[in-house]
Amino acid sequence: MDISSSLLLLSFFLFVIIIFIFNKINGLRTSSVSKKKPTEHVSTHSYGPRFPQGSLGWPILGETIEFVSSAYSDHPESFMDKRRVMYGRVFKSHIFGTATIVSTDAEVNKAVLQSDSTAFVPFYPKTVRDLMGKSSILLINGSLHRRFHGLVGSFLKSPPLKAQIVRDMHKFLSESMDLWSEDQPVLLQDVSKNVAFKVLAKALISVEKGEELEELKEEFEQFIRGLMSLPINLPGTQLHRSLQAKKKMVKQVEKIIGDKVRREKNKEEDGAVAKDVVDVLLKDSSENLTHNLIANNMIDMMIPGHDSVPVLITLAVKFLSDSPTALHFLTEENMELKSLKELTGEQLYWNDYLSLPFTQKVITETLRMGNVIIGVMRKAMKDVEIKGYVIPKGWCFLAYLRSVHLDKLHYDSPYKFNPWRWQERDMNTSSFSPFGGGQRLCPGLDLARLEASIFLHHLVTRFRWVAEEDTIINFPTVHMKNKLPIWIKRR
């Protein structure tokens, strides 16, 4: 590790310490209360349910420093692997200021993620909760969550939206790729992020160009920086700047909502067809879906799309660049589809992209190896017994998906990029959950696959390329250290 990396890591450790001290001063008693083993709730006999073994680490800090150190390394799951050997696949720890049950067990993870809000509710660090607000789709529970999630999920899966995504991806990719130069590298991560944000903004609120889009993007970048900031809301702090940015975005979206309502009232546009997610939510008769709630949630819904889709695309290109055989098969498949469509004079439809078998295997394998979502956190609302383990009330639960996806118990040669492993393997198993699971399964998973398929199709049918050496950073979010520079040659 070089000096700059060491200083970065040291800075982060100091950052973590300050967070924990701040949390303690503000009376966050969850961890101190829950350090008591719930012996009054469970049997301690070997044949009965058991409290997971493990260590709570240092006072206040817990085991966070080792967890973060591992997360920054080339082997982020080493923290889990070490404790899995010592304590089993489910163990107790204390990370990010909270007593936590960590699970690398696929069946336990599935059971928790499929539980309802009487057993587990979403859990996020304090800064994230402050930025989201109490009415965020990522935090709310019960009937309002089910209604919101159902409306949004149905729209995101609808054929008309998928057709729109195809048109928009083609337009935005053509605009970008036409400007690519063979004399300088293309930063693929930046390109994918820019295209994905445009697609997302249009699907959510029908903003796609001009000053309105640029202003939204600028404020969103400021907003998202606060997700890993100190939980201190004072002028000059990142959290304060991020909260101010969100207020501006909410105001911008509320204006869009107001304009939509006015145009529909004046019959200036056809209100029968929903053009975006806002339209879908406005048509719902529920009084709980206020304009402010809708506006706030449009911002929150940009977060997964801002990172997940671009990272999926970038990692797929990275893995393909390192696997010439897989790249050859994917290129041949996509070139064949392109030639067929040119011969018949037909357009490419969304189901054409999703029906490419090897391309889908590449995306699936990228999701398994890349682990765009490394884990999901919940909080136990009562003592819950799963597979012989007791998860005590008040404790955080971390379903560490990365360890499951890279477990040799489930996958042969788990660290090898091998799309062919999915030829006869079922994706609908507890050992493969790249988008979480249960009632909070990511509603945009189909669109993520579609966008990645379209991007790869345009890339391999228009260009040959050589990727520069680059490193995958897995914390605090998955990204490429140097944004994956590639040198292209037009076909």
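Strand β8 is covered on both faces: C396, L398 and Y400 are buried on one side, and F397 and A399 are buried on the other. Five of the five residues of β8 are buried, so the strand is largely enclosed by the rest of the structure. The model described here is predicted.

**The five-stranded sheet**

- Strand β8 belongs to an open sheet of five strands, arranged in the order β1-β2-β8-β5-β3 with mixed pairing.
- The edge positions are taken by β1 (90–95) and β3 (120–122); each has a single partner strand, so one side of each lacks a neighbour in the sheet.
- From one strand to the next, the twist averages 35°.
- Helix α5 (residues 106–113) packs on this sheet and touches β1, β2 (98–103), β3, β5 and β8 (396–400). The direction of α5 makes about 125° with that of β8.

- Strands of a sheet pair through backbone hydrogen bonds, in either a parallel or an antiparallel sense.
- The pairing of β2 with β8 is parallel and comprises four bridges; V102 has L398 in β8 as its bridge partner.
- Strands β5 and β8 run antiparallel and are joined by five bridges; here K379 is partnered by C396 in β8.
- Strand β3 pairs with β5 (residues 375–380) in the antiparallel sense over three bridges, and P122 stands opposite R378 in β5.

**The three-stranded sheet**

- A further open sheet has three strands in the order β4-β12-β9, and its pairing is antiparallel.
- Strands β4 (186–187) and β9 (463–467) stand at the edges with a single partner strand each, so one side of each has no neighbour in the sheet.
- Five bridges connect β9 with β12 (residues 485–490) in the antiparallel sense, and W465 stands opposite I488 in β12.
- Helix α18 (residues 445–462) lies across β9 and β12, and runs at about 100° to β9.

**Helix α10**

- Helix α10 (residues 210–224) contains 15 residues. From its first C-alpha to its last it reaches 21 Å, close to the 21 Å expected at 1.5 Å a residue.
- Residues L213, L216, E219, F220, F223 and I224 of α10 are buried.
- Viewed down the axis of α10, the buried residues fall within an arc of 140°, so they line one face of the helix.
- On the other side of α10, E211 and E218 are exposed.

**Salt bridges**

- Side chains of opposite charge can pair when their charged atoms come close. The count for this model comes to 27 salt bridges.
- K246 and D300 form a salt bridge in which the closest N and O atoms are 2.9 Å apart. Because K246 lies in helix α11 (residues 238–265) and D300 in helix α13 (residues 291–321), the pair ties together parts that are 54 residues apart in sequence.
- Both partners of that pair are buried: K246 has 5% relative accessibility, and D300 has 1%.
- E365 and R368 also form a salt bridge, with the closest N and O atoms 2.9 Å apart. Both residues lie in helix α16 (residues 357–370), three residues apart, or about one turn of the helix, and both are buried.
- E208 and K202 meet through their side chains in a salt bridge (3.7 Å, N to O). E208 is partly exposed at 24% relative accessibility, whereas K202 is buried with a relative accessible area of 18%.
- A network of salt bridges links E63, E66, K82 and R83.

How values were computed: Residues numbered from 1 in each chain as written. Predicted model: local features only at pLDDT ≥ 70, side-chain atom pairs only at ≥ 80, totals over all residues. Heavy atoms only, no water. Pairing = 2+ DSSP bridges. Helix = DSSP H or I, 4+ residues; strand = E, 2+ residues; numbered from the N terminus. Axes fitted to C-alpha atoms, helices over the stretch in contact; angles between N-to-C directions. Contact = heavy atoms within 4.5 Å. Expected span 1.5 Å × (residues − 1). Buried < 20%, exposed > 50% of the residue type's maximum accessible area, 1.4 Å probe, protein only. Arc of directions from axis to C-beta. Salt bridge = Lys/Arg side-chain N within 4 Å of Asp/Glu carboxyl O.
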